[in-house]
Amino acid sequence: MKKKIMLALLTVAMVSAFLSGCGSKSSEGKVYYMNFKPEVDQVWQDLAAKYTKETGVEVKVVTAASGTYEQTLKSEIANTDAPTLFQINGPVGYQAWKEYCLDLKDTKLYSWLLDKNLAITGEDGGVYGIPYVVEGYGIIYNNSIMNKYFALDGALATSMDQINNFATLKAVAEDMQAKKDQLGINGVFASTSLLPGEDWRWQTHLANLPVYYEYKDKGISDTNNLEFTYSDNFKNIFDLYINNSCTEPGLLGSKSVNDSMAEFALGQVAMVQNGNWGWGQISGVEGNVVTAEDVKFLPIYTGVAGEENQGLCIGTENYFCINSKASKADQDASIAFVEWVFSSEEGKAAVTNDLGFIAPFNTFTDAEKPTDPLAKEVIRYMSDTTKTSVSWNFTSFPSQDFKDAFGAALLEYANGTMAWDDVKKLVIDKWASEKAAAAAAQ
Amino acid sequence: MQKALKRYFPIFVLPTLIAFGFAFIIPFVMGVYLSFCDFKTVTNATFVGFKNYTEIFADTDFVNAFIFTFRFAAIAIFTINVLAFSLALVLTRKIKGTNLFRTVFFMPNLIGGIILGYIWQSIINAILINYGTTLVANPVYGFWGLVILMNWQLIGYMMIIYIAGLQNIPTDLLEAARIDGASSWQLLKKVKIPMVMPSITICLFLTVSNSFKLFDQNLALTAGAPSKKTQMLALDIYNTFYGRNFAEGTGQAKAVLFFLLVAAIALGQLVLTRRKEIDQ
């Protein structure tokens with residue numbers, strides 16, 4: 001008998017040891033933040049530790065590996081200990097996650113938002129996503145290489161101010177490519193990275209321009225049927241990138257974003273398309289020869305009429321959401337944490353200096369702006385009243401599957417195995433079918 | 001004895017059984033149920049019946065992935081087993097350094113699939129760059145890249161199993177055959193192969209299931225590029241589940257169908273090769 005009891009006890013002990021770790025609950029609110037940006041993981045960890053020290057509220061920060069945010073969120077949010085604070089990438093992301101988004105209309109964070117139009121609103125008028133960073137992208141250029149070119153005999157332009165449309169950009173780029181040995185570069189543009197998973201600068205960011213102009217013509221902000229009316233403009237700039245590069249078009253399928261940023265940082269190329277988040281990638285490259293003063297932004301010109309006044313592409317795809325299925329205490333704790341980050345001195349300092357964010361909140365003074373050269377350029381373009389910023393419309397792109405298919409088509413186009421008309425057709429068809437699939441499933 | 005087994009059942013089997021239940025049976029049952037549901041996260045689903053299954057064939061991705069997987073599996077299974085068996089034959093002879101060779105050939109199997117994928121991506125790209133092209137330029141490169149990669153990874157493992165099988169052949173049997181004047185080809189065909197049939201069953205089963213279920217290597221090597229032409233079934237399921245909005249149910253339905261396919265093929269193969277096994 002004794003044996004049996006021992007046996008039962010042993011079994012119970014083993015099973016409970018196995019099951020422990022699933023339990024543990026606290027009545028106080030705690031924060032579980034699912035971070036989107038791997039490059040700033042450490043900053044968030046430090047901020048969380050500081051906040052816990054100050055207020056005693058437990059803050060857990062988990063960062064999804066690059067490109068896996070949706071996957072990680074999908075599995076994490078099904079847990080009992082689900083993220084209380086997460087982010088969506090725009091209206092399409094909101095449609096996918098709306099069952100999990102809490103109305104944030106009455107939060108202080110929303111009241112601080114400078115441009116209320118930036119927030120994600122639902123059909124019921126609630127506020128479900130609040131942007132926490134404004135970013136900009138364009139063509140980053142190396143001013144010292146450009147000056148070297150302007151000093152050459154027979155240069156087609158004499159200053160950057162003259163390059164304010166596609167025709168000039170094309171003429172200058174092609175002339176520079178022809179004189180690349182004189183300029184000491186391998187090509188004008190850095191590699192158009194088309195390695196699968198590394199093509200977001202083209203299928204998302206560059207693709208924003210034709211979509212922006214099409215939406216603008218039609219006066220809409222989303223559509224189920226994209227006509228891709230500006231496809232020739234996309235082709236203009238894409239051809240210019242791949243034909244005047246340091247890499248042969250046929251080899252672009254092996255290049256990653258890091259490769260192109262390194263080429264720029266090492267002074268091998270004069271231009272690279274990317275956003276202000278790219279400064280860290282440029283300055284962090286070993287043997288980097290580009291100084292901060294020489295790093296500037298040029299808007300992406302594609303040959304649209306009136307583009308002389310076009311500015312950088314400025315917007316956001318980072319919106320905070322509070323998990324509506326979390327407990328009330330956790331929700332309140334999460335809101336308090338975010339508000340602390342964007343209003344307390346310590347929080348703001350970290351946001352400006354360590355995260356390098358241009359925060360769209362009125363709690364930040366003019367002095368509290370990031371100081372890295374690209375962020376400064378974004379701010380300069382934003383405050384230039386003669387320039388019209390291009391808004392980020394890729395947040396309305398139907399799905400990742402659409403973007404991947406577009407990127408794959410661009411790769412085939414660069415390899416010469418697909419005609420441009422087929423790329424155009426694929427974009428139109430895939431857009432329509434993915435939008436229809438999403439609509440049918442809702 | 002019987003009683004003792006029963007008495008100790010809870011200690012020895014129960015923990016594993018519970019773990020198996022949590023990690024396999026429950027997710028499996030949930031997975032089958034979810035394939036009939038619309039859901040965003042696995043704990044929040046609404047039943048929709050067979051809708052997901054009809055959507056599997058709404059586009060040709062799944063069929064294309066199936067054809068690619070099948071072609072890949074056919075070639076990879078053949079080459080892996082033939083090469084592994086040949087290596088095993090060579091390394092069961094009395095030559096110097098057999099153990100060293102066995103270890104070396106086995107080692108690739110200890111490296112994870114993702115890493116192998118990236119390593120081979122660099123190797124193949126480094127070769128193709130001389131011809132002005134890349135691995136993702138043409139699906140043919142991706143296909144053969146994958147075949148080479150899988151051979152490199154699995155041959156060592158299969159070789160070890162074949163070596164064990166070959167070493168188990170009674171030497172008197174081989175000697176008797178030699179005395180009867182069997183040539184080495186006859187020895188191989190009439191004695192060795194029939195005697196290692198159990199190893200062949202295992203190796204075929206492992207290569208069949210591995211080839212059909214292949215995921216990491218596919219993801220790391222080409223990720224389906226160009227334009228999903230080198231996408232295998234598991235990767236297609238993954239991309240449906242995570243890459244598209246409101247298609248989680250379809251992805252799940254594809255996964256169930258995938259399970260049935262792989263199970264049917266693998267079991268069919270087991271039955272077929274089992275029949276050829278002989279008792280010693």
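## A buried residue in a loop

A residue counts as buried if 20 or more other C-beta atoms lie within 10 Å of its own. In this predicted model, A:Y100 has 22 C-beta neighbours inside 10 Å and therefore counts as buried. A:Y100 belongs to the loop that runs between α4 and α5 (108-112) of chain A.

Which residues does A:Y100 contact, leaving aside its neighbours within four places in sequence? They are A:I77, A:N323, A:S324 and A:K325. A:D115 is 15 residues from A:Y100 in sequence, and their C-alpha atoms are 24 Å apart in space.

## Confidence in chain A

Chain A has a mean pLDDT of 88. Of its residues, 93% reach 70 or more.

Over residues 20-26 of chain A, pLDDT stays under 50. For this stretch the model has zero contacts beyond four places in sequence.

## The contact between chains A and B

Chain A contributes 37 residues to the contact, and chain B contributes 32 residues. On the side of chain A that touches chain B, the elements giving two or more residues are α1 (2-19), α3 (69-76), α4 (91-97), α17 (400-414) and α18 (420-441) of chain A. Of these, α17(A) gives the most, with eight residues.

Sorted by class, the side of chain A that touches chain B holds 18 nonpolar, eleven polar and eight charged residues.

## Overall features of chain B

Chain B contains 13 helices and two strands. Its C-alpha trace spans about 70 × 70 × 30 Å along the principal axes.

Of the 280 residues in chain B, 34% are buried. Among the chain B contacts that join residues at least 6 apart in sequence, 74% are between residues at least 24 apart.

## Helices α4 and α7 of chain B

Two packed helices are described by the angle between their axes and the distance between the axes. For helix α4 (residues 61-91) of chain B and helix α7 (residues 139-167) of chain B, the angle is about 40° and the axes are 7 Å apart. α4(B) and α7(B) are therefore oblique to each other, and their crossing is right-handed.

On the α4(B) side, the residues that meet α7(B) are B:F72, B:I75, B:A76, B:T79, B:I80, B:N81, B:L83, B:A84, B:F85, B:L87, B:A88 and B:L91. Their counterparts in α7(B) are B:F143, B:L146, B:V147, B:M150, B:N151, B:L154, B:I155, B:M158, B:M159, B:Y162, B:I163 and B:L166. By class, this contact of α4(B) with α7(B) comprises 21 nonpolar, three polar and no charged residues.

## Helices α7 and α10 of chain B

How do the axes of α7(B) and helix α10 (residues 197-213) of chain B cross? They cross at roughly 160° and come within 9 Å, which makes α7(B) roughly antiparallel to α10(B). The crossing of α7(B) past α10(B) is right-handed.

From α7(B), the contact is made by B:M150, B:L154, B:M158, B:I161, B:Y162, B:A164 and B:G165. From α10(B), it is made by B:P198, B:S199, B:I202, B:C203, B:T207, B:N210 and B:S211. The contact of α7(B) with α10(B) has nine nonpolar and five polar residues, with no charged residues. Residues of α7(B) including B:M150, B:L154, B:M158 and B:Y162 meet α4(B), and B:M150, B:L154, B:M158 and B:Y162 are also among those in contact with α10(B).

Key:
Residues numbered from 1 in each chain as written. Chains lettered and ligands numbered in written order. Predicted model: local features only at pLDDT ≥ 70, side-chain atom pairs only at ≥ 80, totals over all residues. Axes fitted to C-alpha atoms, helices over the stretch in contact; angles between N-to-C directions. Helix = DSSP H or I, 4+ residues; strand = E, 2+ residues; numbered from the N terminus. Parallel < 35°, antiparallel > 145°, perpendicular 65-115°, else oblique. Left-handed = near helix turned anticlockwise from the far one by under 90°. Contact = placed C-beta atoms within 7 Å. Nonpolar A, V, L, I, M, F, W, Y, C, P; charged D, E, K, R; others polar. pLDDT = per-residue confidence, 0-100. Buried ≥ 20, exposed ≤ 12 C-beta atoms within 10 Å, placed from the backbone.
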